[in-house]
Amino acid sequence: MEEAERLVKKYFEFVSEKKFMGLKCKDCGAYILPPKSICKKCGSREFEWVELSGKGSLYTFTVIHVAAKRFLNDAPFVVGVVQLEEGPRITARIVGVDPNKPETIKTGMPLKATFIESGGQVLLAFEPEK
Ligand SMILES: [Zn+2]
């Protein structure tokens, strides 16, 4: 298995244990998420797994009305790009918002990580921070 593939697999293993982990570059301190085998900032291949704060803000979002088969029962739902406090942006399900009232969903709104179970698996999601 390729290194990048191994790292992505490990990442999803953490998610299945309801842990939000990312790679941190040992050389420049950048967070690499989704995991890659090379730091795009400094080219280093020396990383460590660190638990992320799960805090971020909504960068952009879309409402999914027609979902892939295994998530069919969830539709409509919101998928967003979350700007994490640690720097990277990650795409994830946004819960605790009303997909039928997208005007109530604001870019920039503070979010925190949570986990949902859907389609027989644990998914990383984000919900509004109260
Ligand atoms: Zn680096």
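Reply: Lys18 sits in the loop between H1 and E1, where helices (H or I, at least four residues) and strands (E, at least two) are DSSP runs numbered from the N terminus. The model is predicted, and local features are given here only at pLDDT of at least 70 and side-chain atom pairs only at pLDDT 80 or more, while totals for chains, interfaces and linings use all residues. Residue numbers start from 1 along each chain as its sequence is written.

The phi of Lys18 is positive, near 60°, in a residue other than glycine. As background, most residues other than glycine have a negative phi, and most peptide bonds are trans. Lys18 counts as partly exposed because 13 C-beta neighbours lie inside 10 Å; with C-beta atoms placed from the backbone, a residue is buried if 20 or more other C-beta atoms lie within 10 Å of its own, exposed if 12 or fewer, and partly exposed in between.

Lys18 follows helix H1. This helix covers residues 3-16, and its 14 residues should span 20 Å at 1.5 Å a residue, which agrees with the 20 Å between its end C-alpha atoms; the expected span is 1.5 Å times one less than the number of residues.

The open sheet to which they belong has three strands in the order E2-E1-E3, with antiparallel pairing. Strand E2 (31-32) and strand E3 (47-51) stand at its edges with a single partner strand each, so one side of each is left without a neighbour in the sheet.

Phe47 is found in strand E3, and it counts as buried because it has 21 C-beta neighbours inside 10 Å. Leaving aside residues up to four places away in sequence, Phe47 touches Leu23, Lys24, Cys25, Lys26 and Ile32, contact being defined as C-beta atoms, placed from the backbone, within 7 Å. Tyr31 is 16 residues from Phe47 along the chain, and their C-alpha atoms are separated by 9.2 Å. In the loop between E2 and E3 lies Pro34, which is joined to Leu33 by a cis peptide bond with omega about -5°.

The domain assignment, which is automatic or comes from a database, divides the chain into domain 1 (3-51) and domain 2 (55-128). The C-alpha centres of the two domains lie 21 Å apart, and eight residues of domain 1 are in contact with eight residues of domain 2. On the domain 1 side of this contact, five residues are nonpolar, two are polar and one is charged; Ala, Val, Leu, Ile, Met, Phe, Trp, Tyr, Cys and Pro count as nonpolar, Asp, Glu, Lys and Arg as charged, and the others, Gly among them, as polar.

Leu124 touches Val15 and Phe20, and also Ala92, Ala113 and Phe115, again without counting residues up to four places away in sequence. Leu124 is listed with Val82, Ala92, Ile94, Ala125 and Phe126 as having the most contacts inside the largest nonpolar core, which has 14 residues; such a core is a set of buried Ala, Val, Leu, Ile, Met, Phe, Trp, Tyr and Cys residues joined through C-beta atoms within 7 Å. At least two residues of this core come from each of the strands E4 (55-64), E5 (77-84), E6 (89-94), E7 (110-118) and E8 (121-128). Another core, of five residues, lies apart from it and includes Cys25, Ile32, Cys39 and Phe47.

E6 and E8, by contrast, run parallel and are joined by two bridges, where Arg93 has Ala125 in E8 as its bridge partner. The covered face of E5 carries Val78, Gly80, Val82 and Leu84, whereas Phe77, Val79, Val81 and Gln83 form its uncovered face.

Terms used: Two residues are in contact if their C-beta atoms, placed from the backbone, lie within 7 Å. Two strands pair if DSSP finds at least two bridges between them.
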